[in-house]
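Dear colleague,

Please find below the structure that I am handing over to you, followed by an account of what was found in it.

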Amino acid sequence: FFHNQNSESQEYLKNLIRRYEFETLLEIGGNCGGRLLDLVEIYPASRFICTDVSSNALDAGEEIKKKLQISNIEYLYLDIQNDENTKTLEDWNNYN
């Protein structure tokens, strides 16, 4: 499940993110959060949310999180097309 970015695309993402100040970054369709792993180290005070439709990918992300002892990334199931359990905008606004 781990999505290993090549160094050029990962550097592009880091440079793009550096342009903005943020408290929370939401990745939709993030698989197990592979693209976010460098960012969680660079921005330890920020909150990262990785969503995906694959519970297996999210479980793999949780294992990576435990193994690397990362505390500022969360994994959430999100299927906006097919699941009545998917969070609504109001749920996201109230999510802490």
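E27 counts as buried, at 12% relative accessibility, in this predicted model. The salt-bridge partner of E27 is R35, and the closest N and O atoms of the two are 2.6 Å apart. R35 is buried as well, since its relative accessible area of 19% falls under the limit of 20%.

The count of salt bridges in the model comes to four. One of them joins the side chains of R47 and E74, at 2.7 Å from N to O. Because R47 belongs to strand β2 (residues 47–52) and E74 to strand β3 (residues 73–77), this pair ties together parts that are 27 residues apart in sequence. R47 is partly exposed, with a relative accessible area of 22%.

A further salt bridge is found between the side chains of E11 and K14, with 2.9 Å from N to O. Both residues lie in helix α1 (residues 7–18), three residues apart, which is about one turn of the helix. How do E11 and K14 compare in their accessibility? E11 is partly exposed at 36% relative accessibility, whereas K14 is buried at 12%. Together with D38, these two residues are linked in a network of salt bridges.

I turn now to the overall architecture. The chain has four helices and three strands, and along the sequence they follow the pattern α-β-α-β-α-β-α. The three strands form an open sheet in the order β1-β2-β3, with parallel pairing. Its edge strands are β1 (24–28) and β3, each of which pairs on one side only. On average, neighbouring strands of the sheet are turned by 20° against each other, direction ignored.

Between β2 and β3 the parallel pairing runs over five bridges. Within this pairing, F48 has I73 in β3 as its bridge partner. Helix α3 (residues 55–68) packs on the sheet and touches β2 and β3; the direction of α3 makes about 165° with that of β3.

Which residues have the most contacts inside the largest nonpolar core? They are L36, L39, F48 and I73, in a core of 15 residues. The elements α2 (37–42), β2, α3 and β3 each supply at least two residues of this core, and the largest share, three residues, comes from α2. As general background, nonpolar side chains tend to be buried together in soluble globular proteins.

F48 deserves a separate word. When its neighbours within four places in sequence are left aside, F48 is in contact with F22, L25, L36, L39, V40, Y43, N72, I73 and E74. This list includes I73, the bridge partner of F48, and E74, the residue that forms a salt bridge with R47.

Finally, some values for the chain as a whole. Of its 96 residues, 35% count as buried. The accessible surface comes to about 6600 Å², and 46% of it belongs to carbon and sulfur atoms. Among contacts with a separation of 6 or more, 59% are between residues 24 or more positions apart.

With kind regards

Terms used: Residues are numbered from 1 along each chain as its sequence is written. This is a predicted model: local features need pLDDT of at least 70, side-chain atom pairs count only at pLDDT 80 or more; totals for chains, interfaces and linings use all residues. Side-chain values use heavy atoms; hydrogens and water are left out. Buried means under 20% relative accessible area, exposed over 50%, partly exposed in between (1.4 Å probe, protein chains only). Contact means heavy atoms within 4.5 Å. Accessible areas come from the Shrake-Rupley method with a 1.4 Å probe; for residues, only the protein chains shown count as cover. Two strands pair if DSSP finds at least two bridges between them. Axes are lines fitted to C-alpha atoms, for helices over the stretch in contact, and angles run from 0 to 180 degrees between N-to-C directions. A nonpolar core is a set of buried Ala, Val, Leu, Ile, Met, Phe, Trp, Tyr and Cys residues joined through side-chain atoms within 4.5 Å.
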